[in-house]
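The model is predicted.

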Amino acid sequence: MHHQSIALKTDFLFLPHLHPPNPIPSRLLFPVVSFPLHPNTSTNSPRSAFSCRVFHIPVPSHPSCSLPSSKASKPAVVKTVDVATLGNLCVDIVLNVPKLPPPSADARKAFMEQLSSSPPDKQYWEAGGNCNMAIAAARLGLDCLTIGHVGNEIYGKFLLDVLHDEGIGMVGMSEETDVINSPSASYETLLCWVLVDPLQKHGFCSRADFSKEPAFSWMNTLSEEVKRAIKRSRILFCNGYDFDEFSPGVIISTVEYAAEVGTSVFFDPGPRGKSLIRGSVEEQKALGQFLRMSDVLLLTADEAESLTGIANPILAGQELLRKGVRTKWVVVKMGPKGSILITTSSITCAPAFKVKVMDTVGCGDSFVAAIAFGFIHNIPLVTTLAFANAVGAATAMGCGAGRNVATLKQVVELMEAPDLNEDDEFWNELLDEYLDSQEVTFLSKMVLNGSNGRMNCVTLQKVVSYLLPKLKSSQLEGTLSS
């Protein structure tokens with residue numbers, strides 16, 4: 001929602017609103033299966049870090065629509081929603097400025113209040129925060145809903161309209177019926193003023209930057225409606241900005257309830273992770289609960305280092321796994337290099353796609369949506385990473401987030417002519433020490449024949465051959481099954 005605090009300046013131009021009208025897809029069907037990898041062990045080249053065994057991804061012959069139960073002895077909870085997001089529902093107001101001003105809390109607050117008193121034209125508004133992830137996931141065919149609070153003013157109505165148009169449900173977190181009609185600023189929809197300079201660098205500012213208390217500090221408990229929404233969701237996605245809205249007590253209650261009802265928790269600490277480590281005792285406790293109880297942790301290499309004190313992203317991921325109680329995956333986003341997925345028994349790496357980057361806002365949210373897709377449908381790890389990289393890259397080729405995140409059509413077009421940003425020197429240095437002790441899988445444009453089973457290579461062609469027909473078929477049919 002607000003990735004950094006910056007000062008605001010009055011001499012600005014409005015950035016044109018860009019979002020082509022796109023049909024909202026229904027639901028995308030992927031078979032729920034496990035994919036064994038079959039090695040080709042006939043290679044005999046010299047030993048090196050990038051000597052690979054060729055691994056193939058077989059296409060299943062009989063699709064299945066059911067998800068396996070992790071606890072067969074208990075009555076299965078009916079999960080009718082794929083992804084629910086917690087909080088961080090805001091309206092981005094995008095402004096084009098000649099330059100990003102230096103930080104000044106007083107100047108930011110005064111000018112933000114000035115802007116709020118006379119809102120810019122609606123064409124410059126966009127859905128922001130967790131709406132980005134929800135929209136990206138819905139466009140991949142996942143059933144989504146958002147859990148949070150929006151006010152009963154023009155911004156809240158705009159946000160609800162956007163979510164409705166994208167086929168996304170909304171569950172309010174208000175505790176009392178009269179909260180919606182309250183004139184108090186603490187019940188209004190959160191606004192995030194997004195400033196963009198000529199170099200496409202971004203600055204963010206909202207009222208949460210100027211308060212020591214969470215924006216919705218009046219929330220003390222989870223309503224029964226919110227509990228029902230969490231209970232029927234396969235995944236609950238949370239991020240560090242939830243701490244700007246909810247008290248640590250509400251956050252802890254949410255995570256514990258999700259674990260109780262068998263809902264997988266995805267947590268992306270984002271830039272807030274650094275400040276939460278040094279936050280209040282209650283904030284540190286809630287952050288620790290997230291790190292222990294999340295099924296999937298998603299973070300950048302810098303964020304992983306901040307949370308663990310370990311610079312190596314793989315070692316940092318393994319440390320987070322070691323300390324986790326429910327943690328299954330740690331996904332480290334490596335920027336233009338690609339991404340890494342670490343489990344207790346394996347390391348999976350996928351270089352990024354080569355694209356012309358227009359705007360990075362929303363790329364991380366789009367990436368997370370595809371990771372959720374792979375998690376739900378039990379897609380092979382390397383295929384999940386490649387798919388997530390592709391969806392994030394497709395968003396980067398556009399301008400802005402919200403309704404401008406990648407569509408299924410754009411992802412298909414990217415995967416029809418894919419190219420990887422391979423950096424053998426980088427990956428060789430990072431992975432070499434793990435090749436003899438860990439199962440390492442790597443996405444590659446071409447297979448480098450090798451012996452000794454040092455690395456399991458999956459070709460980009462194999463991944464694309466698996467994903468593309470299903471995406472194109474669903475796109476052409478226009479009706480995607482859930």
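**Helix α10**

Helix α10 covers residues 363-376, 14 residues in total. From first C-alpha to last it reaches 20 Å, close to the 20 Å expected at 1.5 Å a residue.

- Of the 14 residues of α10, 13 are buried, so the helix is largely enclosed by the rest of the structure.
- N378 follows α10 and has a positive phi, near 55°.

**Helix α4**

- Helix α4 spans residues 224-231, and its buried residues are V226, A229 and I230.
- Viewed down the axis of α4, these buried residues fall within an arc of 100°, so they line one face of the helix.
- E224 and R228 lie on the other side of α4 and are exposed.

**Helix α8**

- Helix α8 runs over residues 301-308, with A301, E303, A304 and L307 as its buried residues.
- Seen down the axis of α8, the buried residues fall within an arc of 160°, so they too line one face of their helix.
- The cover over the buried residues of α8 includes the helices α6 (272-277), α7 (281-293) and α9 (313-323). Strands β12 (264-268), β13 (296-300) and β14 (329-333) are also part of that cover.
- G309 follows α8, and its phi is positive, near 75°.

Terms used
Residues numbered from 1 in each chain as written. Predicted model: local features only at pLDDT ≥ 70, side-chain atom pairs only at ≥ 80, totals over all residues. Heavy atoms only, no water. Helix = DSSP H or I, 4+ residues; strand = E, 2+ residues; numbered from the N terminus. Expected span 1.5 Å × (residues − 1). Buried < 20%, exposed > 50% of the residue type's maximum accessible area, 1.4 Å probe, protein only. Arc of directions from axis to C-beta. Contact = heavy atoms within 4.5 Å.
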